[in-house]
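Here is a short report on one protein model. It covers sheets, helices, cores and cavities.

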Amino acid sequence: MAEAAALPAGRTTRLKIDSDGWIKRAFMGVIALYLVAALALPLYAMLSKSFVTYGFDLSRYEFQVSDESGTVWGDPVTAAALNEALGKFAPEDLRSSSDGRLSAPDLFPDFSFRSPVKYRIRGTSDNAPYLVGLDLQNSTEWRELDSNTFRRVNLRPVTTTGLQNYQEYFSNPVLFSSIENSLFIASVSTVLTVLFAFGFAYAINRSCMPFKGAFRLIAMMPILVPSLLPGIALIYMFGNQGFLKGLLFGQTIYGPLGIVIGSVFFTFPHALIIISTALSISDQRQYEAAESLRASKWRTFWTVTIPGARYGLISAAFVTFTLVITDFGLPKVIGGQYNVLAIDIYKQVIGQQNFEMGAVVSVVLLIPAIVAFIVDRQVQKKQVSLLSARSVPYQPKPNRRFDMTMLAWCATMGVFIAGIIAVCQFAALINYWPYDLSFSLRNYDFNRMDGGGWAAYWNSLELAALTAVIGTAIIFTGAYMVEKIDGFKTGRAVFQFLAMLPMAIPGMVLGLAYIFFFNNPANPFHFIYGTMAILVVSTVTHFYTVGHLTALTALKQIDAEFEPVATSLRQPFWRLFARVTVPVCLPAILDISIYMFVNAMTTVSAVVFLYSTHTALASVAVLNMDDAGDIAPAAAMGMMIFYTNATARVLQALASRRILSRTPAWRGR
């Protein structure tokens, strides 16, 4: 009976996609293509480059030698056969860089450029390049040369693929030690930063100490300066002529000690934000239960506080680890001869023009960054909500002894942070350290210094403004499309992956990848190479993820019923987007824009390979002036970046306050 009553099978019902749905998919597709072109393809080009090797293939060349009359020619013989008979070049001697040269006369022990003997050379395949002076030849036709001309013949390497670059890297003790150094510096800095930041966050959230607002402002100051600046301050404090040099008891600040201290400085606010957020959502009832069970303060700390904040601590640790191991500026300024992975990339590319080995080091640097990112994402997925509808926010109780202890700790960290900034400001205003300590503005006359002059500062302002405007528009639009689109699960998942990927990519790796991708004449986007456009693209892409997550958080707070209501009223989605979504999310949009602005002003690693003489930046100028020995002007330029970012932060805070004050009452419900 059941079979008789069953309805006949029909076609599967599918929801029809309206015009708004297609437009949203088109917008998301365009932004996804941007991320592919600005991130995925350059990374693929860099990875491919790491497997490219160069070497001399002697079997590709053939020679003939005449007698002294120059009329009778001997039998053709390959360069490989000549080398095998002479034993002139070992296999490792035939490895080369892209610009290598191998002198052809070295294969002839009796060669004399004064001899009347003549020589012939040709390629045995279509790819057998050689130079005659500066004239590049690549032909299978015989070319006859006299001895004087033949002495200027150099064989050129050919391109192959393989693991030779990786074998060379891991067999080089000096290069391989950079991995150990990077892991050591990152691990020590992470432990110290998380401990210090936890103590600071604990004081802010669990005590009744005074001046909390002031300490919060001081703790955020390192975000406003490039990572090179603490290195400059430490040189003035503990360098060879530092005024606190005696406190090191004979140790040098140039090396791991200086890198660790500077790393703690510039990563401190990042860890503090995460840990403070974790501590701020604690439930008062858990502490009341522990008190009723007569648990000691120490036991309550380990059984309630730490478990409640464990995900924040883990996340802060991985963020700090990633920031330290991928940082380039600080080790460059104060690292001395202590090599780390980021410095190796810079040396291979800028110092030795060995782009293939730079790509290898970039891949090695990419591994710990990606592992840290993946582990952090997995930890965040396991995090459960600590607050329920019945939760009671934790309210600290006054305890003079505890409050004064926390005040002392925050004051210590505040002096450390503000002291670094103050030393840089002091260095920027004195005439000549340590001989003439009178104040002057001569260090701000950047046009007299190497590094780009005041033009570099204005270029940074232009980059920051363009990044803030263009980047915020792209990021918020992409987040809106992926959050508010109906269905399209696979497409949204792919977009989310592309949007999260930049967080795992170190800046120097991205910059080097852009060289391989955009500097290729065959690339249709080659025209942006060396312009401000490529700096904007790299900066927006490098800092895309945090802005994307901020936008998603704001969009999730908007009721999903707005879209169906707008559809029922036959209103296009763009009108809802402009009149409802953007005004409601305006504070978050301002947060994204200021985040992009500040990072564009301070970034070094993402742009150090990409700027040109016309697009030099302030952050890179700090690096170049420090390299040239103009440390005080470098400090002055760093402080100009600080002033600019601080002003932008104040303007953003005032704008946000005005927006919130004019917002309808529902926002406060």
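## Terms and model

Two strands pair if DSSP finds at least two bridges between them. Helices (H or I, at least four residues) and strands (E, at least two) are DSSP runs, numbered from the N terminus. This is a predicted model: local features need pLDDT of at least 70, side-chain atom pairs count only at pLDDT 80 or more, and totals for chains, interfaces and linings use all residues. Residues are numbered from 1 along each chain as its sequence is written, and side-chain values use heavy atoms, with hydrogens and water left out.

## Two open sheets

Strand β6 (residues 118-123) runs antiparallel to β9, and four bridges join them. Tyr-119 has Leu-145 of β9 as its bridge partner. Both strands belong to an open sheet of four, ordered β3-β2-β6-β9, with antiparallel pairing. The edges are β3 (77-78) and β9 (143-146); each has a single partner strand, so one side of each lacks a neighbour in the sheet.

Another open sheet has three strands in the order β4-β1-β11, again with antiparallel pairing. Here β4 (95-96) and β11 (158-161) are the edge strands, each with a single partner, so one side of each has no neighbour in the sheet. Strand β1 (residues 52-55) pairs with β4 in the antiparallel sense over two bridges. Tyr-54 has Ser-96 in β4 as its bridge partner.

## Nonpolar cores

A nonpolar core is a set of buried Ala, Val, Leu, Ile, Met, Phe, Trp, Tyr and Cys residues joined through side-chain atoms within 4.5 Å. Buried means under 20% relative accessible area, exposed over 50%, and partly exposed in between (1.4 Å probe, protein chains only). The largest core holds 174 residues; Tyr-169, Phe-200, Ile-275, Phe-328 and Phe-609 touch the most other members. Helix α6 (residues 173-206) gives this core its largest share, twelve residues. A second, separate core has 22 residues, including Tyr-61, Phe-63, Leu-94 and Tyr-119.

Contact means heavy atoms within 4.5 Å. Not counting residues up to four places away in sequence, Ile-275 touches Val-194, Ala-197, Phe-198, Ala-201, Gly-312, Leu-313 and Ala-316.

## Helix α23 and its surroundings

Helix α23 (residues 586-602) has 17 residues. From first C-alpha to last it reaches 24 Å, close to the 24 Å expected at 1.5 Å a residue. That expected span is 1.5 Å times one less than the number of residues. The helix is mostly covered, with 14 of its 17 residues buried.

Asn-645 lies in helix α25 (residues 631-661). It counts as buried because its relative accessibility is 0%. Leaving aside neighbours within four places in sequence, Asn-645 is in contact with Leu-224, Phe-597, Val-598, Met-601 and Thr-602.

Ser-605 sits in the loop between α23 and α24 (618-627). Its relative accessible area is 14%, so Ser-605 is buried. Beyond neighbours within four places in sequence, Ser-605 is in contact with Phe-328, Gly-507 and Met-508.

## Cavities

On a 1 Å grid over the protein atoms alone, a cavity is a set of points where a 1.4 Å probe fits but cannot get out; lining residues have an atom within 4 Å of a point. Grid points are joined across faces, edges and corners, and a volume is the space filled by probe spheres set on the points. The whole structure has two cavities of 30 Å³ or more.

Residues lining the largest cavity include Ser-182, Ser-263, Asp-327 and Pro-331. Helices α6, α9 (256-280), α11 (297-326) and α13 (341-351) each supply at least two lining residues. Helix α6 gives the most, with three.

Terms used. 1 Å grid on protein atoms, 1.4 Å probe; cavity = no way out; pocket = protein on both sides within 12 Å on 5 of 7 lines; lining within 4 Å.
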